[in-house]
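Dear colleague,

I am handing over the structure below, and my notes on what was found in it follow directly after.

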Amino acid sequence: MLSACAQEHQSPSVEFQGTPSPIYRNSKEIPEEFYWTVGAKEQARGFYSSQGSLVSPSQFLMKGKGYLKLRPQNQDGYGTHDLVRLVQWAAEAVAAIYPQGEPLRVGSASRRQGGRFPPHSSHQNGLDVDLGYYLLSGRQKSLGVLSLNTYSFGESMVKTNNVVSKNLDLERTWVFFKLVVSSTRVSRIFVSPTIRKAFFRYSKQDLFTSLEEKEEVLRRLRPEPGHNTHFHLRLDCPPRSPSCVDEQAP
Ligand SMILES: [Zn+2]
């Protein structure tokens, strides 16, 4: 069950550029004003995992409201404006709802000009980013307490025998998922198969969200091994990137 605190704040008061629009089945139907502001020269090109590149990208800060960037040199913190802005907005909103919580941990997005980025197969065109699951142990760690001079997300959220870690903060992570999906810009969120099942179960306890809205989130949760410590957020191609290659909707 969501805490009373979360219930009161189902619609965070944090402002963001763009309008939280109704649910659209096909993001191409959305009027352009619903999109996040896009840099004039910005381009996401090619596909997520082949021949992808990035022009005039935005960059995650090392520390923003509600998030911290892993990897101190931050050469992997580039993405399209809407990716960076959406994550910043949702992280800030989660921090406003749970002010005692630790910040979202932002891992790799893309390189400055995109392109191949081993060991990732995708992360090529500025529309992918790895994000740490929120941790229950982090609930009491307020913003700024953590210093993340690290490369790693650390603790696995899947224990032996495919048991989900008790430290996985399903509530805060679910709120983050709902927020980003409400933008209508999310293509997929890759999570471990075990954790995906946990979110399907958890969603049934969320009585404050419509079935339709839950379905919009759940169908984007794609089971993908290798996501025990973090999830992977992927956006659809932005407008004004005509050579960006979209995936079919999940
Ligand atoms: Zn990834």
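Strand S8, which covers residues 128–132, is joined to S13 by 5 bridges, and the two run antiparallel; within this pairing, Asp 128 stands opposite Arg 234 of S13. Strand S11, residues 186–191, is also antiparallel to S13 and is joined to it by 4 bridges, with Val 186 standing opposite Leu 235. Please keep in mind that this is a predicted model.

S13 itself spans residues 230–235 and is mostly covered, as 6 of its 6 residues are buried. In a regular strand the side chains alternate between the two faces of the sheet.

His 232 counts as buried because it has 21 C-beta neighbours inside 10 Å, where the cut-off is 20 or more. Leaving aside residues up to four places away in sequence, His 232 touches Asp 128, Asp 130, Ile 189, Phe 190 and His 227. Ser 192, which is 40 residues from His 232 in sequence, lies 10.0 Å from it in space, C-alpha to C-alpha.

As for the protein as a whole, it has 5 helices and 13 strands, and 46% of its 250 residues count as buried. Among contacts with a separation of 6 or more, 76% are between residues 24 or more positions apart.

With best wishes

Conventions: Residues numbered from 1 in each chain as written. Predicted model: local features only at pLDDT ≥ 70, side-chain atom pairs only at ≥ 80, totals over all residues. Buried ≥ 20, exposed ≤ 12 C-beta atoms within 10 Å, placed from the backbone. Contact = placed C-beta atoms within 7 Å. Pairing = 2+ DSSP bridges.
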